[in-house]
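Subject: Handover of a structure, with notes

Dear colleague,

I am passing on to you the structure shown below, followed by an account of what was found in it. Please keep it open beside the text as you read.

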Amino acid sequence: MTPVQVLYLGRTALPLERLLSATGADGPLVSVSAVPTVDAAISRLASLRADCLVWDIDCEANPAIERLFSLAPGLSVVVLEPRSTPECLEIYAPSVTRADEESLVEAVRSVGPSTGGNPPSPPEVVLSLLDRSADRIARIDRDGTYRSVSDGLAAELDGSSAALVGTSIADASLGDPEALAEHGRRAIESGTIQRDADDDYRYVFVPIGDEQFQLVVQDPEPADARRVEPANEFIETVLNRLTDIFFVFDLQGRFLHWNDRLTEVTGYSDEEIAAMTPMDFFVQEDYERVDSAISEIVESGDATETVRIRTRGGKLLPYEFTGSMVTREDGSPRYICGVARDVSQRRHSERALRERQQALSNLIRNLPGVVYRYRNEAGFPVEFMSEGCTTLIGYPRERLESGEVSWANDVIHPEDRDDVRRSVREALEESEQYQTTYRIRTPDGEVRWIWEQGRGVEHPDGSVEFLDGYLTEITDIVEIEEELRREKAFTESALDAQPDLFYVFAPDGEMLRWNDRFNEATGYTDEKIRSMHPIDFVGSADVPRILDAIDRVTTDHETGSIEATLVNKDGDRVPYEFTGSLIEDIGESIYDTREHDAYICGTGRDISQRITAERELEAAIEELERSNAELERFAYVASHDLKEPLRMIRSYLDLIRRRYEGELDDDADEFITYAVDGAERMRKMIDDLLTYSRIGTDDITAQRVDPNAVLDRVLDSLGLVIEEADAEITVEALPTVEGDAQQLGQLFQNLVSNAIAYSGDSRPEIHVSASEHDDGWQFSVSDNGVGIDPEQVDEVFEIFSSGAVSQSTGIGLAICKKIVRRHGGEIWVESEPGVGSTFHFTIPESKPMISDQAPETSDL
C-alpha cells in the first residue's frame, strides 16, 4: 500500500507523534517529514513529493506561500485545530480540511497518496469536447507502443485496430513519430494536456496515469474557427471594461475570445491563453465539477458552477462561472460563451458567517441554561430552544418546537402563569427587557424554579413578533434563600423574645436594629428610636462613660460591658448592664448597615434584682463577719476565762487525792482519778479551742517557708512522744512554699501526732512526702495505723470529731483543715481500716492567702 506523504509544518510535538505512530492497520501508511517554517517547507519540496501539508503554525499572510504552492499546486492542506485558517490558504490550496489532534490521522489518510507526484490525468469526461469532433483516437505507452486504436485512426493508417495494437508509432503514424512521442512523454511528466499541429492535422496529447497518454487527431482548423472578434469597437470596449471575466471557446476546447479581465486575473498573456484549453485553468480537484457543468451546458444549454481558477503563479481564486451554448442555424452546438465572477469576498463572508454561527452554536451549547425564541402569541409557542432544555425542564426540544407541548400551558406552574404573562406584557409595553422568576413542572411532576430574561423582537410593521431570551434553573438558590429567610425569621423571633435588650447601631450613633424588648423597656416607637442616639436612652451622668465606651469599642475593637441607668420615655430610671462588640461589614450583613463599614452589636440587661441581691449579700456578709468576729472573740474569751476555774478544780482535786488517797474506800479513789483525768482533758480541749480560734483571728505571715526545717522543729518538739511510741518517721526532700511557718508547723505537728496516736498496737511508721500539683505542691503524711471507717472519712475534719481515741479532743484535724484553707489549699484523707491512712494537703504557689481576702465563715 502506497503511504501518504505528509509534510508537517509546525513545532508542536504531540501532533507529530500521532502522525509518526500511525500504522496501516486501519488505513494507508503515513510517512512524515517535519519542518518548522514556510521557507523550510519550500526547501523540502524541492526534493520531496508530498500528498498533504499539515498546517500547525500561526500565519495570516506570507508571500512565500504562493511559491510553496507553485512547487506543489495539487497539495492538499489539513489545518490543525485550534489554528485559524489563513486566508492565503483558501486562495492557493486546492482543498483545506480542518481537524483536531484526535482526528488528524484520519484527515491525513483521507487525502490519499498521489500518483507519482503529478496531478492525475483528467477523467474521461474531460475528453468529451475533444472526442465530439474526432474519432481518430489511440492510447499509447511512454515508449510509443499502441495499446488501443480507434477504427477511424486505423482506417487513416490503412490497417486494422487489432493489427496496430502492440506496434510502435514509428511504424505507423499520421505525423512525425518522434514529435508525437516527445509530446506524449511531456504530457505524462507534466500531467497536463499538450498540443501540436502540422500542415495536415492537429494533435492533442492527454496524460493517462504515469505511463500512457491518449492521442487525439483532429482535422486542421477550419476557416471559421479563428478567434471570434466582437462585432464592433463598442462591444469590445464594453467587454474589456467588465469586472467579470468573459470567454468563448469551441467544443474542441480552443479559446475563441476573452476579455482583458481574464489576462489580468490569471497572469497569462493573450498568446498563452490562445494555446490553452479551459481545463488548464483548473486544478484536479475541480475537474469533476467542470466536466459536469460542461456536460450540462451541452445538454441543456446553460449552467452555473463555482470553481477555482489557478493563476500563472499557482494562486487559487474562487469564481462563479455561468456558461451558455451558442448554436448554429441548424441548431447544432457551435461554441460556449460565458462570464466568471470573483466570489472571494462572498466566500470570505460566508466563511466568517459560518464561523460566527459555529461560535454562537458552541456558546449556546455550553451555556448552563437555555436560549429560546417564543412567538409572541397565546401560550408562548416555542420557535427555537437550545439543547439544554431537556436537562432543564425534562421535555425534548422537538416536542416544544413542534407545539406538542405548550410552554405557558404545560411547563409553567399553574399558579405562576398569570404573573409571568403580566411581567412579559408590562415589559413589552414599555419596550424594556423583562426578568421574571417562576416555577415549572417537569413531566414527572417535579417542581423547579426558573429565572428568565428576554426582550421582544419587532416585526417590520412595528409589532412584537418574537420573544428572545435566556432561562436557567435557580432551584438551589431559591431553596438557599428560603432557608436564609427562615433562619432570619427565626433569629428575629428569637431576638424579639429575648428578655434582654438587643440593639445594633453605627459608630456615629445611628440606630440600625433593635428588638421588641427595646421598645418595651424604653417606651419609644420604632420611628422615634430610629431618630435617636444611644446616649439619649441613659442618664446624663452616664453619658461621658457611654461615649468613652463606644469610642473604645470602635477604635480598639474592645469587647466589654458597662453599667448605666436607662431612662425611659416616662422618666423612670432602671439600672442596666450594657455590652457591645464591633462587627465588620462583609458586604452580606444580616442587618441593613446602610453603607457603614462596621457597626456595634450589643445587649442590655436589667440588673435591678442583681443590685438588690448584691446589696443584701453585702449586708449579710457584713453581719456574718460581725457575728464571726464576735464568735471568735467569745471562743477566745470563753476558753481563756475557763482556764482559771479549771485550774482551781484541778488543784483541789490534786489536794484531795494527796490528802485522802488511801483513807477513803476504793470507789472514792477511783472517782477522784476520773475527776482528775476529766479536768486534764478539759484543759487540753480549752487549749485546742484557743489554738483554733487564734488561727481565725491572728494575721497570717506569708513568706517563703522551707517545710524541711519546719518539720525538723516539729519532730524535735515531739521527741519524747516519738521515743515512747518507738515511732519510725521518714521524710523525703520537701519543696519550698509560700505560707506561714508557724501555722505550717502546727499543721505538721497535728498530723504526725495524730498518726502516732492512732497507730494501734503496731509500731508507728510514718512517711512524709511531696509531689508537684496543678499550680503548686501536694504534701502527704502516711501511717500504718488503725485506719478510718469509710463512713467517717468525711467527718474527721469536723470540730469535736475524735474517732475511736478517747484521749483526743476532736479539734486537731479541724485545725489542720483551717490552716490549709487559709493557705488556699485543700485537705483530704485516703484510708483503709487496719492498713493505715494517708492525709494529703495542697499549698498553691500563686493563689493569695485567705487572710488577704474576705474573712471566711466560722466553723463554730
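Two residues are said to be in contact when heavy atoms of theirs lie within 4.5 Å. In that sense, and with neighbours within four places in sequence left aside, Asp542 is in contact with Ala564 and Thr565. Please bear in mind that the model is a predicted one.

Asp542 itself sits in the loop between α21 (526-530) and α22 (543-556). Is this residue buried or exposed? The cut-off for buried is under 20% relative accessible area. Asp542 has a relative accessibility of 10%, and therefore counts as buried. Its side chain also makes a polar contact of 3.0 Å with the side chain of Arg545.

The chain as a whole

The protein chain has 860 residues, of which 42% count as buried. Its secondary structure consists of 28 helices and 32 strands. Among the contacts in the chain with a separation of 6 or more, 55% are between residues 24 or more positions apart. The accessible surface comes to about 45900 Å², and carbon and sulfur atoms account for 48% of that area.

The nonpolar cores

The largest nonpolar core contains 41 residues. Which residues have the most contacts inside it? They are Leu747, Phe748, Leu751, Phe779 and Phe841. Two or more residues of this core come from each of the helices α25 (707-717), α27 (741-757) and α28 (812-822), and from each of the strands β29 (765-772), β30 (776-782), β31 (827-832) and β32 (836-844). The largest share, eight residues, is given by α27. As for Leu751, its contacts, leaving aside neighbours within four places in sequence, are with Val781, Leu813, Cys816, Phe839 and Phe841. Another core, of 27 residues, lies apart from this one and includes Phe255, Ile273, Phe281 and Met325.

The sheet and its helices

Several strands named above belong to an open sheet of five strands, in the order β27-β29-β30-β32-β31, with mixed pairing. From one strand to the next, the twist averages 15°.

In general, the strands of a sheet pair through backbone hydrogen bonds, and the pairing may be parallel or antiparallel. Here β31 and β32 run antiparallel and are joined by six bridges. Within this pair, Glu830 stands opposite Thr838 in β32.

The helix α27 lies across β27, β29, β30 and β32, and runs at about 170° to β32. The helix α28 is mostly covered, with nine of its 11 residues buried. These buried residues are Leu813, Ala814, Ile815, Cys816, Lys817, Lys818, Ile819, Val820 and Arg822. After α28 comes Gly824, whose phi is positive, near 80°.

A helix earlier in the chain

In α5 (residues 104-111), the buried residues are Leu104, Val105, Ala107, Val108 and Arg109. What covers them? The cover includes the helix α1 (13-20) and the strands β1 (4-10), β2 (30-35), β3 (52-56), β4 (76-80) and β5 (96-99).

Backbone details

The peptide bond from Glu81 to Pro82 is cis, with omega near 5°. Pro82 is located in the loop between β4 and α4 (87-92).

Phe380 is not a glycine, yet its phi is positive, at about 50°. This residue is in the loop between β16 (370-375) and β17 (382-385). With a relative accessible area of 9%, Phe380 is buried.

Ser431, also a residue other than glycine, has a positive phi near 55°. Its place is in the loop between α18 (417-429) and β18 (434-441). Is Ser431 buried or exposed? The cut-off for exposed is over 50% relative accessible area. Ser431 has a relative accessibility of 57%, and therefore counts as exposed.

Yours sincerely,
A colleague

Conventions. Residues are numbered from 1 along each chain as its sequence is written. This is a predicted model: local features need pLDDT of at least 70, side-chain atom pairs count only at pLDDT 80 or more; totals for chains, interfaces and linings use all residues. Side-chain values use heavy atoms; hydrogens and water are left out. Buried means under 20% relative accessible area, exposed over 50%, partly exposed in between (1.4 Å probe, protein chains only). Helices (H or I, at least four residues) and strands (E, at least two) are DSSP runs, numbered from the N terminus. A nonpolar core is a set of buried Ala, Val, Leu, Ile, Met, Phe, Trp, Tyr and Cys residues joined through side-chain atoms within 4.5 Å. A polar contact is a pair of N or O atoms within 3.5 Å; within protein, one must be able to donate a hydrogen and the other to accept it, and residues adjacent in sequence count only if both atoms are side-chain atoms. Accessible areas come from the Shrake-Rupley method with a 1.4 Å probe; for residues, only the protein chains shown count as cover. Two strands pair if DSSP finds at least two bridges between them. Axes are lines fitted to C-alpha atoms, for helices over the stretch in contact, and angles run from 0 to 180 degrees between N-to-C directions.
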